[in-house]
Amino acid sequence: MTTPVSGDGRSGDYRHSQVVAAIDQGTTSTRCLLFSRTGRMLAVAQREHRQHYPEPGRVEHDAEEIWRNVARVVPEALKRAGLGPENIAALGIANQRETTVIWNRHTGVPLARAITWQDTRTGPIVAELVEAGLTDLYSRTSGFTPATYFAGPRLRWLLDHVPGAREGAEAGDVLFGTMESWLIWRLTGGVHVTDVSNASRTMMMDLRTLEWSPKLLEALDVPERMLPEIRSNAEVYGVCTEVLPGVPVAGALGDQQAALVGQTCFAPGEVKCTYGTGAFLLKNTGPRIAGSAQGLIPTVGYLIGDEPVYALEGSIAVTGSLVQWFRDSLGMIGTAAQIETLAMTVPDNGGCYVVPAFSGLYAPHWQATARGVIVGLTGYITRGHLARAVLEATAWQTREVVEAMNAESGIPVTRLKVDGGMTADHLLMQYVADVLDVPVERPLGSEAVSLGAAYVAGLAVGHWSDLEVLRANWHRAALWRPDMPAEVRDRERANWGRAVDRSYDWVV
Amino acid sequence: MPGPIQSIERAAAVLRLLGGAGRPLALAELAAALDLPRPTVHGIVATLRSEGLVEQDHASALYRLGGGLRTLASGWDRHDLRARAMNWADVLAGGTGCAVYLAVPEGAAAGIVHHVFRPDGTPQTLRTNTDHPLHATAWGKCLLAFAPVSTPAPRDLELRRYTGRTASTVAMLEAHLAAARTRGMATDVGEFESGAGGAAVPLRSGGGLTVAALGIAAPVEQLFGGGGEPRPAQADLLRAAGREISALLVSR
């Protein structure tokens with residue numbers, strides 16, 4: 001499926017100047033977007049790829065299929081905008097993070113399907129690392145304790161289970177990469193690099209030196225020669241030999257870091273939240289590596305030039321997916337958007353709270369044995385109240401992560417920049433502003449992830465001169481101001497906390 | 001190119017007959033008026049009934065227009081509309097430098113379903129879920145002109161005079177609406193708020209029925225040329241966005 005989102009050619013400012021292309025290699029689809037110098041999206045083309053579920057807990061992608069989709073969506077986007085490769089100043093990539101692929105250096109063929117970030121098969125590998133007493137080493141060096149979330153254990157799994165993988169890796173014939181590495185390698189005909197933001201999610205990089213850590217590699221038993229070279233987010237990695245011949249591949253970022261850049265959160269303390277099926281908050285912590293207390297993860301924000309900018313990340317597992325559950329499993333609404341209509345049939349939640357601990361609670365609770373609860377049910381509660389409670393759950397989970405971020409550093413969050421599909425829900429955005437007691441802002445154009453990839457690539461080739469130019473491209477499309485009496489906010493916060501308590505220790 | 005589809009032409013004729021007769025009609029009357037066999041006409045009215053576009057009176061067995069014709073124009077969930085229109089509304093605001101409004105009929109007013117700020121960094125307040133007057137805003141007049149079934153008739157509106165330019169008589173409003181229908185676009189040259197201009201086009205769902213109005217707002221001199229016509233560059237972008245969003249409203 002392709003969706004034109006270009007403006008009318010007559011009014012465009014791009015016929016006589018160059019544009020920047022971004023590839024957004026996401027979990028369900030791969031897209032190509034073209035951006036003007038002012039950050040306006042000129043065209044987009046999109047193709048979905050297949051999700052493979054070979055066993056419970058396993059989710060795989062065919063890296064070759066994703067490459068084919070890249071080779072199709074890029075020309076489609078160019079065609080929609082009426083442009084050719086000669087009009088493209090640079091290409092940047094944003095990608096689903098932590099998805100892991102290995103391929104043969106000589107043939108370019110993946111040795112197995114890519115293991116995606118949702119896949120939890122590496123539980124035993126992670127448990128081994130913990131039992132071996134390596135938690136502190138990982139925490140000190142990579143910034144976080146071993147978890148199935150990250151790419152390194154997936155690579156180890158592939159080395160252990162795919163025939164020929166380990167021998168090939170040791171002989172220098174098999175290469176590892178996350179999705180940006182794979183795509184850059186294919187686009188440039190063999191440049192094997194990754195960027196610091198993706199590398200920081202592998203559990204193999206030293207967060208301080210921004211290099212592969214020999215100790216961590218040894219603990220995971222991964223041969224270093226199969227790893228890509230770690231590079232900054234904004235530099236020319238190579239020139240396309242395919243798809244966009246002659247165009248420099250000049251930027252790459254993991255998707256959440258890309259949104260941080262796309263939202264121009266360049267100052268310490270600035271925070272963005274991307275609301276999708278889950279939600280990801282990233283706070284710019286400047287040159288400081290934040291502590292990982294309360295389950296938040298310190299990570300590289302971006303490296304543009306010489307000085308890395310770090311970020312503190314808090315992820316919420318279930319936000320948009322709770323609305324999907326409300327729609328698909330309960331059948332309460334016909335479309336996700338209609339939850340706002342249903343919620344507006346009542347003035348408040350009627351005392352009802354939904355805690356969506358579908359697979360335990362994540363940051364900042366980290367309770368694996370918690371399960372979802374609906375509390376406060378009385379005869380008074382209607383579908384409308386449940387709809388309210390479903391939306392409010394996203395807002396309260398956001399508040400919990402922001403509280404943890406505020407506790408970690410002296411700089412409190414003073415406003416929240418939001419993007420992603422759930423920003424279409426104005427009732428929810430108002431409630432987020434109400435419970436955080438800070439203004440919530442949505443930028444014009446909801447494509448923060450792709451825009452961030454375009455920005456780093458454009459910076460690398462001088463298409464944009466500096467970050468201030470990019471800041472000027474950010475335009476407020478909507479602002480929700482907090483409008484809730486403090487006593488109501490405090491009471492509701494306490495109620496949410498009591499509801500969360502009741503979700504603990506359900507699985508025995 | 002294929003020719004007209006006969007059964008749809010006949011269905012349209014049935015609806016016109018029922019709408020124009022001024023009274024419920026019998027199957028025999030419909031068949032006679034269309035010069036078609038009764039079983040054929042029965043098949044058509046039965047299909048239209050299943051779509052809610054025709055109703056049959058239980059006692060008399062006579063046919064009349066159905067309530068579905070009204071909900072065709074107002075049946076879209078306003079938040080579904082926003083979700084489908086949102087990306088294009090952003091593109092429109094970015095391209096024109098104007099604020100963008102999405103409005104639907106809301107009783108005797110235009111209900112604001114979506115609002116995108118004018119992208120110029122000035123302080124603005126979100127107007128979602130507020131009501132604007134039908135007779136004094138571009139989006140309101142757009143709904144009056146293009147969704148007459150789901151909005152009140154001009155003579156039933158309270159034509160409050162907000163500025164010296166407000167269409168405050170039925171005749172004046174009818175003239176504005178006729179101009180809007182001719183142009184395919186309704187305008188507001190400071191009729192609700194002095195100096196504040198607007199232009200709006202209908203958003204049409206399947207069958208061409210208007211379900212909402214898509215509008216841009218900016219100072220009058222920014223939106224309109226000397227002759228009082230909307231500036232072509234902005235009008236073209238508005239029409240293009242209207243077409244693109246309408247294409248997304250064809251199926252639910």
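**Figure 1. The annotated N-terminal region of chain A.** In the unreviewed UniProt entry, the annotation "domain: Carbohydrate kinase FGGY N-terminal" covers residues 20-262 of chain A; UniProt positions are given in the numbering used here, feature names are shortened, and annotations may be inferred rather than shown by experiment. The model is predicted, so that local features need pLDDT of at least 70 and side-chain atom pairs count only at pLDDT 80 or more, whereas totals for chains, interfaces and linings use all residues. Residues are numbered from 1 along each chain as its sequence is written, and chains are lettered from A and ligands numbered from 1 in the order in which they are written. Over residues 20-262 the chain is 34% helix and 27% strand, with the end C-alpha atoms 13 Å apart; helices (H or I, at least four residues) and strands (E, at least two) are DSSP runs, numbered from the N terminus.

**Figure 2. Chain A as a whole.** Chain A has 16 helices and 23 strands, and its C-alpha trace spans about 65 × 65 × 45 Å along its principal axes. For 508 residues a compact globule would have a radius of gyration near 23 Å, and the 22 Å of chain A agrees with this; the radius is taken over C-alpha atoms, and the globule rule is 2.2 Å times the number of residues to the power 0.38. Of the 508 residues, 56% count as buried, a residue being buried if 20 or more other C-beta atoms, placed from the backbone, lie within 10 Å of its own. Among contacts (C-beta atoms, placed from the backbone, within 7 Å) between residues at least 6 apart in sequence, 72% join residues at least 24 apart.

**Figure 3. A six-stranded open sheet of chain A.** The 6 strands follow the order β3-β2-β1-β5-β14-β13 with mixed pairing, where two strands pair if DSSP finds at least two bridges between them. At the edges stand β3 (41-48) and β13 (234-239) of chain A, each with a single partner strand, so one side of each is left without a neighbour in the sheet. Neighbouring strands are turned by 25° against each other on average, direction ignored. Helix α9 (residues 255-262) of chain A packs on the sheet, touching β5 (88-95) and β14 (248-254), and its direction makes about 105° with that of β14(A); axes are lines fitted to C-alpha atoms, for helices over the stretch in contact, and angles run from 0 to 180 degrees between N-to-C directions. Strands β1 (residues 19-25) and β2 (residues 29-35) of chain A pair in the antiparallel sense over 6 bridges, and A:Ala21 stands opposite A:Leu34 in β2(A).

**Figure 4. The enclosed helix α13 of chain A.** Of the 11 residues of α13 (residues 426-436), 11 are buried, so the helix is largely enclosed by the rest of the structure. The elements covering these buried residues include α12 (383-408) and α16 (486-503) of chain A. A:Asp437, whose phi is positive, near 60°, follows α13(A).

**Figure 5. Strand β8 of chain B and its partners.** In β8 (residues 210-219) of chain B, 9 of the 10 residues are buried. Strand β3 (residues 99-106) of chain B pairs with β8(B) in the antiparallel sense over 5 bridges, B:Leu102 having B:Leu214 as its bridge partner. Strand β7 (residues 196-204) of chain B also runs antiparallel to β8(B), joined by 9 bridges, with B:Pro202 opposite B:Ala213.

How values were computed. Buried ≥ 20, exposed ≤ 12 C-beta atoms within 10 Å, placed from the backbone. Contact = placed C-beta atoms within 7 Å.
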